[in-house]
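Some labels attached to a structure rest on a cut-off, and the questions below ask how each label follows.

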Amino acid sequence: MATHNLLLLPGDGIGPEIMVEVKKVISWFNAQGGDSFETDEGLVGGSAYDAHGVAISEEDMAKAMAADAVIFGAVGGPKWDSVPYDVRPEAGLLRLRKDMELFANLRPAICYPALADASSLKKDIIEGLDILILRELTGGVYFGEPKTITDLGNGQKRAIDTQVYDTYEIERIAKAAFEFARTRNGKVTSMEKRNVMKSGVLWNEVVTATHKNGYEDVKLEHMLADAGGMQLVRWPKQFDVIVCDNLFGDMLSDVAAMLTGSLGMLPSASLGAADPKTGKRKALYEPVHGSAPDIAGTGAANPIAMIASFAMALRYSFEKVAEADMLDKAIANALAKGLRTKDIASEGTKVVGTSEMGDAIIAELNALS
Ligand code: NAI
Ligand code: MG
């Protein structure tokens, strides 16, 4: 039986409050026997700044690099608005992503049956939806050089951002897409703009070549990213895994996420390259939402995005698919009983706080085991 090492980084704002609920889930799995999770805890964001004047300490960075997975809460808020740029809370998360080389950002868009009425789209369009957006996270136009604003001296300025992708960057995210598709419904849709962008031409070429090189059991389809955005809203269930660059992925994943619900419901994973010897990937799991300073300390935060992020850790870092399915089912069952935190409440549902929602999910785990 294996022991898995988790580094918990609660952060600030509602981060620590929702992390308490994940700890309940981790303890529950530990009590079932089998593989166990050993947890260590560190400071990041505002909590690290308040304690040490940094966004994350070198000691905690080293722990993150060594952990089997990092479980991250949330960081940021007006309290730290005036601190220097390189030690502001968000710098801690960016450092983690960069140093751990987390190039693959996974954002599932799943429709929980109990919330099928909550979408801005018609129920039959999103009911049963389960798609995965895979966004390249460490390259592209957000990082490419030159990146400048120049004064042209004639009353005009010129801004330049540069989209840069090398073959290896496209190849590794394409491989990840095919591998995830194999564990799902076996289909990958690659989105770019090859009609107007050279990086789109290379993206298309490398994804196609990678597919031919050992992934032909997976169905591959190419779509121009603007048409893809339209299709995501028209009939999202046609997709299984969508893979795209950093910029298109940023936008398309926000669109996909909002098909299904509230910010408080959305988990994510950021993964590094598989170690050629062990197959293990560096990984960080976090809710999509921020630190919600407006509700921090009120016990009202929705812990589901955080708990569903741990379900992603079970699925993608620890190959515990049955356990991940069970945890997702426990969340769905708690919602089906009409329990809602304030952010997802609607008529006829029962509003509960952070810790009651966590307890309800534990009760559903007990019922399922
Ligand atoms: P936010 O996601 O923190 O909050 C937006 C709105 O959604 C707020 O009204 C909040 O109360 C609500 N909300 C968010 N998560 C919720 C949850 N689990 N349960 C119930 N309601 C929830 O985004 P905002 O307000 O733009 O940013 C606040 C701070 O968080 C900023 O400093 C921002 O930079 C930071 N941030 C951090 C992220 C991270 O840690 N990965 C991601 C996004 C923002
Ligand atoms: Mg975004």
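Helices and strands here are DSSP runs, numbered from the N terminus, a helix having at least four residues and a strand at least two. The model is a predicted one.

Q: Where is Glu 319?
A: Glu 319 is placed in the loop that runs between H10 and helix H11, the latter covering residues 321–336.

Q: Why is Glu 319 called partly exposed?
A: Glu 319 has 13 C-beta neighbours inside 10 Å. A residue is buried at 20 or more and exposed at 12 or fewer, so Glu 319 falls in between and counts as partly exposed.

Q: What is said of the phi of Glu 319?
A: Glu 319 has a positive phi of about 50 degrees, although it is not a glycine. Most residues other than glycine have a negative phi.

Q: How do you know whether Ala 292 is buried or exposed?
A: Ala 292 has 23 C-beta neighbours inside 10 Å, and the cut-off for buried is 20 or more, so Ala 292 counts as buried. Ala 292 sits in the loop between strand S12 (281–287) and helix H10 (304–316), and its phi is near 40 degrees, a positive value in a residue other than glycine.

Q: What makes the peptide bond from Glu 145 to Pro 146 cis?
A: The omega of the bond from Glu 145 to Pro 146 is near 0 degrees, and the bond is cis. Pro 146 itself belongs to strand S6, residues 144–151. Most peptide bonds are trans.

Q: Which residues does UniProt give as "binding site"?
A: The unreviewed UniProt entry places this feature at Arg 97, Arg 107, Arg 135 and Asp 226. These positions are spread over 130 residues of sequence and also spread in space, with up to 27.4 Å between C-alpha atoms.

Q: Why do Arg 97 and Arg 135 carry the labels they do?
A: Arg 97, in helix H4 (residues 89–99), has 17 other C-beta atoms within 10 Å; because this lies between the cut-offs of 12 and 20, Arg 97 is partly exposed.

Q: Which residues is Arg 135 in contact with, leaving aside its neighbours within four places in sequence?
A: Arg 135 is in contact with Asn 105, Arg 107, Cys 244, Asn 246, Gly 249, Asp 250 and Ser 253. For Arg 97, with the neighbours within four places in sequence likewise left aside, the contacts are Leu 102, Leu 137 and Ser 270.

Q: What makes Ile 242 buried?
A: Ile 242, which lies in strand S10, has 30 other C-beta atoms within 10 Å, and since 20 or more is the cut-off, Ile 242 is buried. Not counting residues up to four places away in sequence, Ile 242 touches Ile 131, Ile 133, Leu 134, Thr 189, Met 191 and Leu 252.

Terms used. Residues are numbered from 1 along each chain as its sequence is written. Chains are lettered from A and ligands numbered from 1 in the order in which they are written. This is a predicted model: local features need pLDDT of at least 70, side-chain atom pairs count only at pLDDT 80 or more; totals for chains, interfaces and linings use all residues. UniProt positions are given in the numbering used here, feature names are shortened, and annotations may be inferred rather than shown by experiment. Two residues are in contact if their C-beta atoms, placed from the backbone, lie within 7 Å.
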